[in-house]
Amino acid sequence: MCGIVGCVGRPDETLDVLMHGLSKLEYRGYDSAGVALANSAVEIEKHEGELVNLERAVDDDAPSGPVGIGHTRWSTHGPPSDRNSHPHADCEGEVAVIHNGIIENFQEVKDELTAAGHEFTSDTDTEVVPHLIESALADGASHEEAFRAAIERVEGSYAIAAVFAGGDAVFCTRQDSPLVLGIDDDATYLASDVPAFREFTDRVVYLEDGEFARIDADGWDVSTADGEPVEKTIHTVNWDAEETGKSGYDHFMLKEIHEQPRALRQCLRGRVDELGGQVELDELAGVRPTTVQFVACGTSYHAALYGAELFREAGVPAQAFLASEYVTSPPPIGDALVVGVTQSGETADTLSALREARQRGARTLALTNVVGSTVARECDHTLYIRAGPEIGVAASKTFASQLAALNLFAFAATDDHDREAIGALRDLPSTVQEVIDDSSAASVAEAYHDADAYFFIGRGLNYPVALEGALKLKEITYRHAEGFAAGELKHGPLALVTDNSPVIAITTGDGELARKTVNNVKEVEARDAPVIAVTDGQSDIERYADHVLTIPETQPRTAAVLANVQLQLLAYHTADQLGRSIDKPRNLAKSVTVE
Ligand code: F6R
């Protein structure tokens with residue numbers, strides 16, 4: 001949701017460093033990209049569309065300077081266009097500003113500035129900041145004072161950075177949007193996310209809300225809004241720069257689907273006691289909730305639905321809520337543990353829901369992938385899913401790791417010690433590998449990539465998998481796809497089913513749920529809909545299916561993870577056949593930092 005980057009200390013390479021950083025942050029938005037480099041003047045180059053447009057432009061005419069900032073945009077105020085691209089400047093072109101977030105009071109500030117004679121050239125909320133800075137400079141403020149004065153006037157969420165003509169520093173600050181510094185011996189970086197500079201350094205400093213940083217050739221310092229110095233801890237990131245490359249795969253998403261066995265191994269390592277069949281999570285020692293409320297969005301919400309079901313099965317009342325709904329009408333919280341499931345740890349809706357819960361006295365737990373993320377810093381407890389960096393906008397390996405971590409959490413925090421289920425969890429990396437190796441999803445995708453719509457059905461733990469299968473397919477193919485609880489199909493959605501709308505039925509095991517799902521499949525088959533069964537072969541669904549995507553026999557909770565891998569591959573190959581922009585689907589961005 002907009003990516004920002006900055007660099008000081010590599011005067012001959014500032015532009016290259018910024019362009020590299022933007023290429024790593026493009027997953028956060030690709031409506032436009034731009035850079036500003038400061039020397040005696042501020043040179044800005046910015047273009048609508050993907051980063052490649054900016055790359056072409058700087059090939060012809062490269063801005064230069066010892067300090068610089070860059071931005072990749074996901075539009076909120078004003079459509080994608082050159083004029084709405086960041087960086088934004090003041091009337092005189094003396095200062096350039098980049099911003100991730102939303103300035104809520106921008107209209108009021110803009111009206112005031114316009115009345116005072118400032119001329120605006122974009123529709124964005126961001127542009128008020130350089131004009132506020134310009135006003136403060138005109139009143140005699142220094143660069144730093146002017147930056148602070150402008151920030152004092154704005155309300156909303158932001159990670160903002162600015163450079164000045166004739167200045168040798170980058171100034172930045174944050175409020176409810178991520179911002180991290182990269183520390184090297186002779187250079188300092190800033191970015192929305194570590195991959196932007198991971199190739200250059202593994203030492204990072206996470207800024208907190210309300211903190212300001214000044215970066216110049218002598219290094220960096222962090223202070224409060226009042227200018228009080230803040231002592232910061234330098235953290236070391238534990239993953240390599242190569243992990244953010246495609247490693248020969250056509251798309252990040254395919255690479256990340258294939259990385260799932262490794263991601264799951266990392267998630268489970270040291271947490272499952274192989275001999276005793278126990279799960280131990282040191283980070284959650286003593287956490288034994290009597291009630292659990294999960295809050296999450298999108299794919300993470302589907303993981304939350306799955307997690308809630310695990311707790312209910314263990315006898316602990318649990319419910320999953322869409323974070324954006326929870327924040328406006330939270331249920332009675334009582335003594336519930338409120339768990340935020342968020343891969344990025346920066347999703348604004350999820351953070352707001354957790355803050356609301358905390359304000360009402362709840363203890364909170366973050367289930368996240370990103371070390372040092374806002375959610376991890378704000379919650380009472382954190383359980384990392386350890387999936388490694390995920391670049392594809394459509395979540396894949398992080399969903400599998402969320403499901404694995406939710407199993408660990410449920411085993412560790414309840415009386416559920418089902419040895420067979422724990423064994424299946426331990427074997428998950430290899431069973432996922434089997435599914436990846438043997439999947440025939442590509443040929444099924446070939447048969448159905450031109451369908452009118454796709455319906456996914458499942459029951460129990462397979463219901464969230466049906467929802468996730470549909471979300472994945474719709475976001476990367478742009479085709480209509482819906483997931484339903486299998487029993488609900490006959491209560492309305494069946495009217496949509498035709499001979500060109502495949503029904504993808506997830507049916508695992510041979511119990512009551514499978515038997516009932518097979519009945520639902522017969523209902524759609526009778527209406528000529530093609531049926532694609534995702535099954536472990538234990539029920540007789542194959543008799544009614546046109547195509548079968550097989551998974552190994554396992555426990556119900558791990559079957560859901562395996563079935564999802566088939567659905568990821570089905571979505572991926574369908575999108576590939578349609579020639580879609582798989583890693584950067586239209587209108588979307590990873591890490592949604594606005595509400
Ligand atoms: C879909 C997808 C999104 C995210 C959602 C929440 O593939 O990735 O639906 O799951 O935006 O993101 P996080 O998990 O970062 O809170």
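## Terms and model

Ala, Val, Leu, Ile, Met, Phe, Trp, Tyr, Cys and Pro count here as nonpolar, Asp, Glu, Lys and Arg as charged, and the others, Gly among them, as polar. This is a predicted model, in which local features need pLDDT of at least 70 and side-chain atom pairs count only at pLDDT 80 or more, while totals for chains, interfaces and linings use all residues. Residues are numbered from 1 along each chain as its sequence is written, and side-chain values use heavy atoms, with hydrogens and water left out.

## The largest pocket

A pocket is an open set of points, on a 1 Å grid over the protein atoms alone, where a 1.4 Å probe fits and protein lies on both sides within 12 Å along at least five of seven lines; its lining residues have an atom within 4 Å of a point. The largest pocket has a volume of about 820 Å³, where a volume is the space filled by probe spheres set on the grid points, which are joined across faces, edges and corners.

Its lining holds 41 residues, and Tyr206, Trp239, Asn369, Val370 and Val371 are those nearest the centre of the pocket. Two or more lining residues come from each of β11 (203-206), β14 (235-236) and α11 (374-378), where helices (H or I, at least four residues) and strands (E, at least two) are DSSP runs numbered from the N terminus. By class, this lining of the largest pocket has 16 nonpolar, 14 polar and eleven charged residues.

## The second largest pocket

The second largest pocket contains about 570 Å³ of space and is lined by 27 residues, with Cys297, Gly298, Thr299, Ala589 and Val592 nearest its centre. At least two residues of this lining are supplied by each of α8 (298-313), β19 (337-342), α10 (348-359) and α16 (462-477), and the largest share, four residues, belongs to α16. The lining of the second largest pocket divides into eleven nonpolar, ten polar and six charged residues.

## Aromatic rings

Across the whole structure there are nine aromatic pairs, a pair being two rings of Phe, Tyr or Trp (its six-membered ring) with centres within 6.5 Å, counted as stacked if the planes are under 30 degrees apart, edge-to-face if over 60 and tilted otherwise. The ring centres of Phe164 and Phe171 are 5.8 Å apart and the planes stand at 80°, so this pair is edge-to-face. Phe164 counts as buried because its relative accessibility is 1%, and Phe171, at 4%, also counts as buried; buried means under 20% relative accessible area, with a 1.4 Å probe and protein chains only.

Phe147, Phe164, Phe171 and Phe212 make up one aromatic cluster. Arg148 lies over the face of Phe212, 4.5 Å from the ring centre, and the charged end of Arg10 sits over the ring of Phe200, 4.4 Å from its centre; a charge sits over a ring if NZ of Lys or CZ of Arg is within 6 Å of the ring centre and within 35 degrees of the ring normal.

How values were computed. Buried means under 20% relative accessible area, exposed over 50%, partly exposed in between (1.4 Å probe, protein chains only).
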